[in-house]
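Have the structure open while you read.

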Amino acid sequence: MTTTTDFLLAIEDLTVSFDGFKAVDSLTMYIDKNELRVVIGPNGAGKTTLLDLICGKTKSSSGSISFKNKEMTKMAEHEIVRAGIGRKFQTPSIYENLTVYQNLEVSYPEGRGVFGSLFFQTTDEVIKRVNEVAKEIQLENFLDTEAAILSHGQKQWLEIGMLLMQDPELLMLDEPVAGMSAKERDETAELLNRICENRSVIVIEHDMEFVKKIARKVTVLHQGKILAEGTMEKVQADEKVIEVYLGH
Amino acid sequence: MNFVYERFLGGKNGALAIAILAILILVIFPLFLDAFRLNLVGKYLTFAFAAVSLVLLWGYGGILSLGQGVFFGLGGYAMAMFLKLEASDPESTKIQTTPGIPDFMDWNQLYELPWFWIPFESFTFTLLAIILVPSIFAFIIGYSMFKRRVGGVYFAIITQVIAVILTVLIVGQQGYTGGINGITDLKTLNGWDIRTDSAKLALYFINALLLLGVIMLSKFILTSKFGQLLLAMKDKEDRVRFSGYDVSNFKIFVFCVSAVIAAIGGAMFTLQVGFMSPSFVGIVPSIEMVIFAAVGGRMSLIGVVYGTLLVNFGKTGFSETFPELWLFLMGGLFIAVVMFFPNGLAGIWNKYAPKVPFLRPLVNSSTNAETKSAPAKIESESTIEPESTTEGAKS
C-alpha cells in the first residue's frame, strides 16, 4: 500500500489504538529532505506516540510509514535505526556509568553485531568523529567525564551527539529543551539549526519561544489528528489552534 | 603483543592483578598446602569458574542467573559420564547382571547402555560436549527469553525453575543418571588414575591454568566494544536498541559464554573431586555461586576468585565447628555485602588500598578498569579535573 513519493518520510493513514483509544488517528504527514519540522500540541495529543510509531517502539494498528520509499512498520527497532532514523528520548537517555567519550564511541555505527563488536578497533577515524561530534555539542572538554555528573542540559546534548555519531538522515527529538536554562535553550536552538543542514529533523516541543527560534514549518496535533499545518504565523493565527492550545 | 597486553590482561593494572592471582594459586598454595588442602582449594577454584561467569552475565550484563549450577552440572555430568564408562569395563563389572554398563544402571534393571550415553565413550566427544551442550542449552533458553524481552526478576526466576527441573529430572531418572547419589566411583581418565596424589596435583595445575585462561578470555570480551555495550544495556537498554543494536543477540551471546565457563568449572570439579551429583546442580549451589560473585565483587573478574575462596574457606571452617549455623551466617554475609559493600571485596580494595602507601601502585585507578578504553582522549589535553566538572555540572 506504500506509494512512491519524493518525500524522505511519508506517513499515510497511520492509526494506533490502545484498547480502543486511538492515540494516533488516520494521520497523514510528509517530511521533505532537509526539512526541520516542529510538532506541537497539548498533552495527550499523540506527539510522543507518533515518534514511537516511526522508530518502531510502538507497532501501528494500520497505515504505513515509508522512509525513502521503504516500508518501516514491520521492521525491528534496530533495523529502522540502521535504515537511517535516529531518535532522542524525552528524558536524557545516556549511559551514566560510561564517560562522554565512551558514550559517543559506543554509538559509532560500526561493530554492531555480536562478533563485530568483539573485534571492533578504535581507529583514528572513530576518534576523529568522536572529537568532531563532541565539539559540535560543546562537550569537547568533558570527554573523560563520567556522563552521570554532567548537567541536565549537557546530558541532553550528549544524547543528541550520540545520534549525530550515527549520521542519521532523519533525526527525531522529543522535547530537547525540557528542563534547560534560558542560555542552554538558545545554544540548543543554534545546535539544531546547524545539524539540520544535511538531514531532516522532527522536533516535538512545548516551549513556544523555542519553537519560534527554530521552526519553519509546524504541525499541530490534537487528539491524534492533525489540526493545522504551516508556518508558525499561519498556525498561530488559526482559530482552531487558538481554541485547543495556544489560547490557554 | 601490545594487543594481548591491553585486551587480554587489561593493561598494567590488570596484568599485575592477574600476576598476583597466578602467583597465589600456582606457587603459594602448592608450596604451603598439603595434598588434602590443595585438593580442597582446587575444588573451590572450580566454583570460581561459575563466579567468573557471573561477572560477565550479572556484573556487566545485568542479567541475574540463579541457575548457573545447571551449566556447572552439565559440564560436570558430561565429564562424569565419560569417566564412569571408562570405570565400567566388562572386567571390573563382571559380577553385574549386564557387565560393561555403569553399576547404577545395573541396579535399576537396565540391560543395555542408553543411546545418549554411547557417544560419551569418546573423549573427544566428551570435551566437545562440555562446551557445546551448555552453549546450545543456554542458546535455547536465551533465545526464547531475550527475544521476547524477558528480563530482570522474571529471568532469574525462570533460571531457578530450570535448576529445579533439572535436579528433579536427574534424581527421578535414577537408571539413566545415577539419581540422588550422582555418578560416583570414577577411577581413570584414559587410563590415568585420577585418584592418586600426583594426578590430583596435576589436575590442580590444569584447573588453575584454565581458570587464568578463562579470566583472560573474559577480560578480552569486557575490554571490547561488546563489554561497553553490556554496561550500556544494563543502564539504558532502549538507548542501545535505538542506536541500531539487536540487544537480544548480545544477551544470548553473553549467556552462552557464561554457560560454557561454568561448565568448564563443572568438568574440572568432577575430575578433581571424583564424582558429580545433583547437589551441585540445584538452587542452593546456584545461589551460592551468586554469593561468591557478590562477595568478591561482581564487577571484578579477579575479585570473584578471592570471594569464592574466602566464602568456601569460611564454609569449611565454620561448618566443621558450627554446622547448623553456617547457612544463617552465609545468608547474613550475603545481606551484609549487598547492603554495605555492593562492590564486594574488589570494592573494599579499590576504596581502602589507595590509603595504604605501599599498596597504592596496585590499585586500579578507575572502578570501571575493565572497560577503560585506551585512547580515551587525543589532542584535547585540556581535560578538566573531575572535581571542577562536578561543580560546573551543578551550577
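## The interface

In this predicted model, 42 residues of chain B are in contact (heavy atoms within 4.5 Å) with 49 residues of chain A. The area buried between the two is about 3,900 Å², with carbon and sulfur atoms giving 58%; that is the accessible area (1.4 Å probe) lost on putting the parts together, summed over both. B:Lys225, B:Arg239 and B:Phe242 supply 21% of what chain B buries against chain A, more than any other three residues.

Three salt bridges cross the interface of chain B and chain A, counting a side-chain nitrogen of Lys or Arg within 4 Å of a carboxyl oxygen of Asp or Glu. B:Arg149 and A:Glu77 form a salt bridge through their side chains, at 3.0 Å from N to O.

## The sheet in chain A

Over in chain A, four strands (DSSP E runs of at least two residues) make an open, antiparallel sheet in the order 2-1-4-5. Strands pair when DSSP finds at least two bridges between them. Strand 2 (21-31) and strand 5 (70-71) are the edges, each pairing on one side only. Strand 4 (residues 62-67) is joined to strand 5 by two bridges, and A:Phe67 has A:Lys70 as its bridge partner.

## Ground rules

Residues are numbered from 1 along each chain as its sequence is written, and chains are lettered from A in the order written. Local features need pLDDT of at least 70, side-chain atom pairs 80 or more, while totals for chains, interfaces and linings use all residues, and side-chain values use heavy atoms, leaving out hydrogens and water.
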